[in-house]
Amino acid sequence: MDRRIRKTKQAIVTAFLELLEEKKDIDKISITDITKRADISRSTFYFHYNGTYELVDEICDSFSKEIYNIILKAHSDMPGENGYLFMYNEILEYLYDNKTTTRLLLMSPKEADMTKKICDDIYKLLTIYYLSKREPVSKEVLNTTALFSTYGLLSIIKDWVDTDFKRPPKEMADITFNAIKTAIGFFTER
């Protein structure tokens with residue numbers, strides 16, 4: 001992509017996220033607000049996006065790709081428990097560093113689609129992992145594990161966002177990791 005186009009699109013995204021932080025509601029942000037803040041014309045905005053929700057979709061897609069890359073890196077670089085703790089920490093750091101986008105994501109109509117995409121990505125990673133281990137696992141078990149992982153972590157994240165990121169990311173990662181280990185231990189101990 002041309003450097004000027006990247007720069008313009010970044011100005012639009014930055015303006016939108018700043019306005020979202022101020023107004024807290026997507027529907028209260030007009031194209032005029034965005035173009036004034038980004039110091040561009042309306043025609044320039046419409047050259048890149050058909051409207052606010054297309055902009056939101058692009059932001060969410062980019063965000064989803066970053067989270068997928070974090071998950072992929074954790075699974076490839078650090079297998080086992082250390083990989084999961086690393087993954088939770090990296091995801092929560094990324095969300096914390098991008099608080100406004102995280103909030104946008106959780107209030108966006110696109111949230112369900114993005115969550116489904118992340119769930120599908122986790123399913124693919126789990127499939128690769130179990131095939132490499134040659135452990136017989138059914139598609140149903142893989143799908144249920146992906147659903148549990150995605151929606152469980154999403155619930156923890158939503159609660160964390162609702163408390164305005166009260167705990168630091170590393171502490172939340174440790175709590176999340178230990179909670180999962182405790183839950184697994186509860187069901188596996190006799």
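User: Which helices each supply at least two residues of the lining of the second largest pocket?

Analyst: At least two lining residues come from each of α1 (3–23), α4 (52–77) and α6 (99–107). A pocket is an open set of points on a 1 Å grid over the protein atoms alone where a 1.4 Å probe fits, with protein on both sides within 12 Å along at least five of seven lines; lining residues have an atom within 4 Å of a point. Helices are DSSP runs (H or I, at least four residues) numbered from the N terminus. The model is predicted, so local features need pLDDT of at least 70 and side-chain atom pairs pLDDT 80 or more, while totals for chains, interfaces and linings use all residues. Numbering starts from 1 along each chain as its sequence is written, and side-chain values use heavy atoms, with hydrogens and water left out.

User: Which helix gives the most to that lining, and what volume does the second largest pocket have?

Analyst: The most comes from α1, with 5 residues. A volume is the space filled by probe spheres set on grid points joined across faces, edges and corners; for the second largest pocket the volume is about 340 Å³. Its lining has 15 residues, and those closest to the centre of the pocket are Gln10, Val13, Glu58, Ile59 and Ser62.

User: How many salt bridges does a search of the whole structure find?

Analyst: A salt bridge is a side-chain nitrogen of Lys or Arg within 4 Å of a carboxyl oxygen of Asp or Glu. The search finds 8 of them. One is formed by Arg103 and Glu21, with the closest N and O atoms 3.9 Å apart. Arg103 is in helix α6 and Glu21 in helix α1, so this pair ties together parts that are 82 residues apart in sequence.

User: Which side chain does Asp164 meet in a salt bridge?

Analyst: Asp164 meets Arg103, at 2.4 Å from N to O. Asp164 belongs to the loop between α8 (139–162) and α9 (169–188) and Arg103 to helix α6, so parts 61 residues apart in sequence are tied together. As for accessibility, buried means under 20% relative accessible area, exposed over 50%, and partly exposed in between, with a 1.4 Å probe and protein chains only. Arg103 is partly exposed at 21%, and Glu21 is partly exposed at 33%.

User: How many residues apart in helix α9 are Asp174 and Lys170?

Analyst: They are 4 residues apart, which is a separation of about one helical turn. Their side chains also meet in a salt bridge, 3.4 Å from N to O. Elsewhere, salt bridges with shared partners join Glu18, Glu22 and Arg37 into one network.

User: Which residues are buried in helix α2?

Analyst: In α2 (residues 31–38) the buried residues are Ile31, Ile34, Thr35 and Ala38. They cover an arc of only 95 degrees around the axis, which puts them on the same side of α2. The arc is that of the directions from the helix axis to the C-beta atoms.
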